[in-house]
Amino acid sequence: MRIPATLAVILAATPAAAATGPFFSLGNTDFIVLLGFLLFIAVLFYFKVPGILAGLLDKRADQIKSELDEAKSLREEAQALLASYERKQKEVQVQADRIVATAKSEAASAAEQAKLDLQASITRRLAAAQDQIASAEATAVKEVTNRAVTVAIAAAREVIAGQVTASDANKMIDDSIATVEQKLH
């Protein structure tokens, strides 16, 4: 069916109608070209070139289809991998937020503990300072008292020395020795 239709199209071509002289003679170049073309087409069909070309095209179409299927599977795998990474990224973000929140709460707790420790330290230092002040005050009072006693003894000695005679002094010494002997025995 193809061959007669091809011949009809070739014979109806305008260059063939435009040639001078009889068309079906070997002197007509158009006829020779037509014969060469028909012979070429026949050789192509004899060696089954259209079938080979169709087979090659089918093979190429199958190869392209397999490449498209592979690309589709790779795309699906990449989307699954992307979803997995996005999920992991969200989990990591949640974990990071949790770590930050924990760190903030620990920092707040540490700051509060530092405040309490500082207050305790201030209280201890204040108590120690008050103790030192009280001790210094007691020492000062004792020193003042000792000084007053020393001054009073010195004043009494001078007064007594001026008023006591030698016999009274000897009598007082003897009384003191007697008192000590009684207390020791």
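A word on the ground rules: residues are numbered from 1 along each chain as its sequence is written. Because the model is predicted, local features need pLDDT of at least 70 and side-chain atom pairs count only at pLDDT 80 or more, while totals for chains, interfaces and linings use all residues, and side-chain values use heavy atoms, with hydrogens and water left out.

**The whole chain**

- The chain has five helices and zero strands, taken as DSSP runs numbered from the N terminus (helices are H or I, at least four residues; strands are E, at least two).
- Of its 185 residues, 4% count as buried, meaning under 20% relative accessible area, with exposed over 50% and partly exposed in between (1.4 Å probe, protein chains only).

**Helix α3 and its ends**

- Helix α3 covers residues 29–46 and includes valine 43.
- The 18 residues of α3 should span 26 Å at 1.5 Å a residue, and the end C-alpha atoms are 25 Å apart, which agrees; the expected span is 1.5 Å times one less than the number of residues.
- Asparagine 28, in the loop between α2 (14–18) and α3, caps the N-terminal end of α3, with a side-chain oxygen 3.0 Å from the backbone nitrogen of aspartate 30.
- Asparagine 28 counts as buried, at 7% relative accessibility.
- After α3 comes lysine 48, whose phi is positive, near 55 degrees.

**The nonpolar patch**

- Leu39, Val43, Tyr46 and Phe47 make a nonpolar surface patch of about 480 Å².
- Patches are made of residues with over 30% relative accessible area and no salt bridge; like charges are joined within 9 Å, nonpolar side chains (Val, Leu, Ile, Met, Phe, Trp, Tyr) within 5 Å.
- A salt bridge is a side-chain nitrogen of Lys or Arg within 4 Å of a carboxyl oxygen of Asp or Glu.
- Valine 43 is partly exposed, at 38% relative accessible area.
- Tyrosine 46 is exposed at 65%, and phenylalanine 47 counts as exposed at 53%.

Technical notes. Accessible areas come from the Shrake-Rupley method with a 1.4 Å probe; for residues, only the protein chains shown count as cover. A polar contact is a pair of N or O atoms within 3.5 Å; within protein, one must be able to donate a hydrogen and the other to accept it, and residues adjacent in sequence count only if both atoms are side-chain atoms.
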